[in-house]
Every structure is written in structure tokens, then in C-alpha cells.
Amino acid sequence: MAKEEAQNEVSQVVSDLIDFLNASPTAYHAVDEAKKQLRSAGFEQVSEREDWKLEAGKRYFFTRNHSTIVAFAIGKRYVAGNGFHIVGAHTDSPCLKLKPVSKVTKGGYLEVGVQTYGGGLWHTWFDRDLTVAGRMIIREEKDGSVSYSHRLVRVERPIMRIPTLAIHLDRGVNDGFKINTQSHLLPVLATSIKAELNKAVVENGPVENGVQIDGEKVNERTTNNSSKHHSLLLELLASQIGCKPDDICDFELQVCDTQPSIVAGATEEFIFSGRLDNLCMSFCSLKALIDATSSESSLEDETGVKMVALFDHEEVGSNSAQGAGSPVMVDALSRITSSFGPDSKVLEKAIQRSFLVSADMAHALHPNHMDKHEENHRPKMHGGLVIKHNANQRYATNAATSFIFREIATNHKLPVQDFVVRNDMGCGSTIGPILASGVGIRTVDVGAPQLSMHSIREMCAVDDVKHSYEHFKAYFQEFSHLDAKIVVDI
């Protein structure tokens, strides 16, 4: 019976992850989905623009730019100067983002100008059924008053494709598929002739996808937008949110794959999906926080603050107002601390009592490229979270922080693995070193193993989703007790 209940819990966690992935084509959508889950669990939203009135034993969250979100639960025995127990991850993934002027017409085709975001495996974006999603600033007029709203948008159906060149026209392609990201990565939206025919129909004023388009109304904004972006694209976007194309003031959109995330494999042991790096860690940490603080007694004896921070812009260095390199983490710690005591000096003490788990997906051993892994550090699927080490501080793990995370695994009979990059290869990095050096917080870098990292379609193991969720949940539940037994600086 206990085994059956455990299996049902695993199935539910994986099912919830699949739903989260399918609802989150962009960082904005991921934060929106996180907000829904937090509100449903009883977390209260606070605004960085307002004063905070926090209470011990309560749970809160805030967003920045609607692409970074920080959620926290304050222990009932918390006092200013006590520590924060944090899991940090990121909401962004490598993708193609629309240029400020995306209108491109070549050879009788309407194409969409894009710029590369992050270090993607760009060859995987060819011959996929693509669409767009993101956020828009919309002009709204009511009773003679004009306001501007922030709206998320997603076109569900495939509307674009980046076609490969036929082998008959590129006989050497299988010797090396080389991409010029400026000229080869433009998605095809439509042919010019069909776009013109569609435009003629629209200008006669029929209902287009449920939205009445007034072809007679042409103003300065319409002209400006249509000179930057294809009218056909603007009409599609407007139809999604129920406005007119000339009400679109600006947007940030990215190209997305339309194929849904699924549980797959001959024994259904894998998850095939885009954006596993790093929405898998974002979801597992968020669910762990919610579940670790959901009961009435969960915060009763807690002296610290449990927190999840999901940042934007990790894939491009974190140097933005909402990235891990910004003051958002210190701002959160400072405002929470000052809400419970006027002495600003206790923040430094609180940071030294705090701990960060930097959670970002790890490289699983690839069966066709086994030589790419160091012989004694080959993370495997189903093997649990991977603790990442690097002597040159590309990861922030040290002996003390890895011990804490490993000890939690031991106490809960959870598997754990280690990773070190080969000496003759470069090493990636995470938000871990950025926050460790910028905030001064103890940090361990970890991540679930996956294959095809930064592809449009990645894969990880179902079991490792369960291991990650359980490990993070155990961390939130046990860290305070375990940390009290460890003394380093005396």
C-alpha cells in the first residue's frame, strides 16, 4: 500500500511538471504559472513598489519584470538575523527572439527577423512546427481615458517554420551542418501572394478569428507597427487577446516549438520536452517549497525563512535588473530582515547563517559520446541530483556545502551523484557563483541529469524529477536542524 501511494505521488509530480512545461513557453508564462500555483497554495503577493507588512508564519511572493519570481515562507519562530534557506533556479532558456524590426520580405516570402538568445543548439530549430509567444503592451481606451496593460500572448497553432536546404542543393551538408545565424535562421511566416490576398479580405472588414478588423481605420501607430512587423503577424497577435492591431504598442516575443512535452520512451521512463533547462528545476523547487510549508504545523518550529528564487537571463550572463547579478536577492533578504527589526547590521549576520542551493540541470552521460565525460564523474539517468564541482569556481560548491546536501540525501535514502568537467574542456556556469560572490552566501551547485541540453527538444528521466522534488523538500524541512550541528568558522 505504501509503495502504491509513493508511486502515485511520483506520477502526480511528473504530471504536474508536464502541465507546467506545456503552460510555460516563455519566462513570462513560467512566472505566471508559478503565481497561479502560489496563490492557490495560499501565498500572498507583495509588491516591491510598496511597503511590506510581513508576519511570522505567513507565506509571500513577489515578481520583478514578470520574468523573475521570489517566494518565501517565514517561520513562526523567525527573528531578524536568522538565516534564509534558498533554492535558486532560472526561468529562461535559449531561444530565438523577434527583432525590434522583424519584417523581412525575400524571394516572395514573408519572413520574421530573429536574434539568437543564449547558446542554443540552433540546428535543432530547423524543420520544426513553430509559433510565437511572449508579452505585449496594449493601449486601452475607456470613457475617454487611455491606459496601457501588460498582457501575455501565445499563438497555439504552428504559424512558422525554418526550412532546411534540400541535400540536392547542398551535397556536403552531412559533412557538417554550418549555420549562419543571421541569414539561415529566419522563420517563414507566409508567401507574399497569400499574405496580400489575406490582407485584401481583412480590409473588407470581415470577422478574422473572432475579432472584427476595421480596415478603414489607419492611424500613426498602425503605420508605424506595420512598417516594423508584418501586418499578418500583428493581426494574429491581436486576435489572440481580443484587441485591434493598432492597439499593440510594443512586445517582446520569442519563437516557440508547438510540440507538447510528454512522458515517453519504451518504458515511459523519460520526459521529452523543450526548456527542461531550467524549468524542471524551477518547478521541482517551487513545488517542494509549497508542499514543505502547506500544513498548519510546517512553520511552527521554524526559525528561518524558506525561499525559492527563479531568475531571468541566466542564459545570457544574469546581468539585468531581474537577473541573479542584480540586487533582487539582497533586496529580498534585506526587506524581510528589516520587517522584523530596525537594526540594518543584522542582515550581514543573516547572510552568514543562510544557504543557497543553486539548481540548474546537469549533463548526463551520453552513450554515443562517453569520452566527453571525465571517467570517474559520469552522471546517469535515474541517479538522482548531481552535485557540481569546479576548482576554478565555475560552480560554487565546496566541501562543507556539498556535505550538507549529501547528508540530506543520505537521511532520506535519496541517490546523489558528482560531476567534474574534463581538464581539457571548458566548464559552464550557473547563478551559483554569481550569488555566492555577490551576496556572500554559502552555496552548493546541483542539477538533475539530462541529455540534449540547449536543444529545442531535451530529455531527462522521470525518476530524477521525483528525486529532485524529494531532495528539495527534505532540504526545506531539515536544513535548520542539520546546520546547527556544523561549525566551520570558529
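Biologist: Which elements are included in what covers the buried residues of α10?

Modeller: Some conventions come before the case. This is a predicted model, in which local features need pLDDT of at least 70, side-chain atom pairs count only at pLDDT 80 or more, and totals for chains, interfaces and linings use all residues. Residues are numbered from 1 along each chain as its sequence is written, and side-chain values use heavy atoms, with hydrogens and water left out. Helices (H or I, at least four residues) and strands (E, at least two) are DSSP runs, numbered from the N terminus. Buried means under 20% relative accessible area, exposed over 50%, and partly exposed in between, with a 1.4 Å probe and protein chains only. Contact means heavy atoms within 4.5 Å. In this structure, the cover over the buried residues of α10 includes β4 (84-90), β15 (305-311), α7 (328-338), α8 (346-352), β16 (355-359) and β20 (442-447). The buried residues in α10 are Ile431, Gly432, Pro433, Leu435 and Val439.

Biologist: What is found at the start of α10, and which residue follows α10?

Modeller: The start is read through polar contacts: a polar contact is a pair of N or O atoms within 3.5 Å; within protein, one must be able to donate a hydrogen and the other to accept it, and residues adjacent in sequence count only if both atoms are side-chain atoms. Here a side-chain oxygen of threonine 430 comes to within 2.9 Å of the backbone nitrogen of glycine 432. After α10 comes glycine 440, with a positive phi near 90 degrees.

Biologist: Why is α5 described as largely enclosed by the rest of the structure?

Modeller: Helix α5 (residues 231-241) is largely enclosed because eight of its eleven residues are buried. They are Leu233, Leu234, Glu235, Leu236, Leu237, Ala238, Ser239 and Ile241. Glycine 242 follows α5 and has a positive phi, near 75 degrees.

Biologist: How many residues does helix α6 have, and what distance does it reach?

Modeller: The expected span of a helix is 1.5 Å times one less than its number of residues. Helix α6 (residues 276-292) has 17 residues and reaches 23 Å from its first C-alpha to its last, close to the 24 Å expected. Of these 17 residues, 16 are buried, so α6 is largely enclosed by the rest of the structure.

Biologist: Is serine 261 buried or exposed, and where is it found?

Modeller: Serine 261 counts as buried because its relative accessibility is 5%. Its place is the loop between β12 (248-257) and β13 (262-264). Its side chain makes a polar contact of 2.6 Å with the side chain of serine 273. Leaving out residues up to four places away in sequence, serine 261 touches Ile18, Leu21, Asn22, Phe272, Ser273 and Arg457. Strand β12 also holds isoleucine 248, which is buried at a relative accessible area of 1%. The C-alpha atoms of isoleucine 248 and glutamate 140 are 9.5 Å apart, although 108 residues separate them along the chain.

Biologist: How many cavities of 30 Å³ or more does the structure hold?

Modeller: Rolling a probe the size of a water molecule over the atoms shows where empty space is left. On a 1 Å grid over the protein atoms alone, a cavity is a set of points where a 1.4 Å probe fits but cannot get out, and a pocket is an open set with protein on both sides within 12 Å along at least five of seven lines; lining residues have an atom within 4 Å of a point. Grid points are joined across faces, edges and corners, and a volume is the space filled by probe spheres set on the points. The structure holds two such cavities.

Biologist: Which residues lie nearest the centre of the largest pocket?

Modeller: They are Ala362, His363, Ser452, Met453 and His454, among 37 lining residues. The largest pocket contains about 910 Å³ of space. At least two lining residues come from each of β17 (362-363), α10 (431-439) and β21 (449-451).
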